[in-house]
Each structure stands twice: as structure tokens, then as C-alpha cells.
Amino acid sequence: MKYFAIFFLGLLVTSGFSTRKAFAQQPPNNDSILLEITNSSSPYYYPVLMMRYELGDSTLNLSDYRHLYYGYPWQDTYKPFETPPAQDKILEFFAENPDLDNVPAVRLSELVGYANEVLKTEPFNPETINLLAFAYSGLGDREKEKIYYRKLQMIVAAIKSTGTGLKESSPWCIISFNHAVDLMGMMNALYKKPEIVSRSVEYVPLIAPKGKIKGYYFDFSRIYWFRPDKLPENKNSGWQFNGIPIKSRKYNDVN
């Protein structure tokens, strides 16, 4: 499925969206985000922000997306080591439809259904959002196609706004291990096996360095803020929009 991440690269590049102009690169302020998303009078109050996100609100800006993405680990149903059952259906879809240029509309509609099931538990999964943009494009639904393109752009922008990604001291912060490799795919970067370089940072080396850039650094500390419910099967996140309960366990700020 990494094919799709590469497939949409041109759309991300030609969209005119600029991360640097929209937000200075800096790591998330965890204490500030927690205060904002739990304050019902804040513009970043999580239930309202999530509702706007799910409705495809195009007025959500990069700061909104940073609060959405980095506020998610505090939700009680955040389970980064679980895999949504619908993910297997998506894998089956690709096995049954090798010719992606000629997928019947009925099958694309099935893909939309599977992807939406995944988003119920992984609302910020770049790969799944990518697939929805592809499916809606094939179905001729330009409005939803545009909504998911923007969601994908903004999630990538939120991650990239947290650092340069070029140094261990300035990594890109992620809430799921899969988001690191999804981002690499969207950058059309062929990569080797990730390497753990510290208790909170992994390094993803490139197969073919881009000039002086030999790889990228990712901060995965948020994934381990709370003890996993079980040993990891597949590094994915989970979500259930149901009252937005907040975890009370202490965490280590990465700032």
C-alpha cells in the first residue's frame, strides 16, 4: 500500500501548501496542548475540534491540526499497538485488484467503506486518508477527494512542523510508528530498516541519500507515554470518539 503514498506525492507538491510559511518548526508543547484540549472554552477543545475535523472543515489551520494530532495520545482509547480489523479487508482489496487503473466503481465503494472503518479507530492515519482520496477520485466525487487531500496535507504539515527531521535534537514527532514510514513514502524516499538511536528517537536511513541528507529522525516517545495494554502486534493507533476521556497517568515531556 506504500504505492499510494508515492502516488499522491505530486498532489502534495503542486498544491501550493507551505509548511514553513504556516508554522515555525518547533516541538509540541505537551502541557499547553493538554490544557487547551481539555478546556471547554478553548478553541482547541478536543470534542469540538474533532467534530470539525470529521466533517472535513477546511478552515482548520495548522495549529488546529497540531492540537488534534498531538492531543490524541491523551484520549483513553488511544492504543498505538492495535490494528483495526478493517485493515485486513484493505489488504485483501489490493490482492484482488492488482490493476489499480481499472478498479470498478463498486469495488472503490467497498474500499471507501473499509477505509472509513479504519478511520473510526485511526483518524490520523496518513495511508488510509490517502486511500480515501484515491477512491473518491476514482468515483468522481471531487468534493470529498479535495477534503481528504487537504487532511493528508495538514497531517503531514503538522508532523513536519515539529522539527527539521535532520537531527536527533530536532526530530519529527509521531504518534504511530507507521506514520514515519508513511511520511517517507509521501516524500518518495526509499528507506532502510529504522534504527532506534535513543529511548525516544528512531533514525530512518535512506537507501539513496539526497545530497547531504542520509536519513530522517522521528520522536516516537508519545507512543510509550502509557503502558501498552498488550504486546505489539502491529504499530497502529486506535480511536473511539465517545466522550473524549482523558488519561491521567503521568508522562515525560519531550520538550
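Visitor: Which residue stands opposite D219 of strand 4, and how are strands defined here?

Guide: Strands are DSSP runs of E with at least two residues, numbered from the N terminus; in this predicted model, V201 stands opposite D219 in strand 4. Residues are numbered from 1 along each chain as its sequence is written, local features need pLDDT of at least 70, side-chain atom pairs count only at pLDDT 80 or more, and totals for chains, interfaces and linings use all residues. Side-chain values use heavy atoms, with hydrogens and water left out.

Visitor: In which sense do strand 3 and strand 4 pair, and over how many bridges?

Guide: Two strands pair if DSSP finds at least two bridges between them; strand 3 (residues 201-210) and strand 4 are paired in the antiparallel sense over 6 bridges. They form a hairpin with 2 residues between them, and G211 in that turn has a positive phi of about 65 degrees.

Visitor: Which residue of strand 4 is the bridge partner of C173?

Guide: The bridge partner of C173 is D219, and strand 1 (residues 172-173) runs parallel to strand 4, joined by 2 bridges.

Visitor: Why is strand 4 described as largely enclosed?

Guide: Buried means under 20% relative accessible area, exposed over 50%, and partly exposed in between, with a 1.4 Å probe and protein chains only. Because 5 of the 7 residues of strand 4 (residues 213-219) are buried, this strand is largely enclosed by the rest of the structure.

Technical notes: Helix = DSSP H or I, 4+ residues; strand = E, 2+ residues; numbered from the N terminus.
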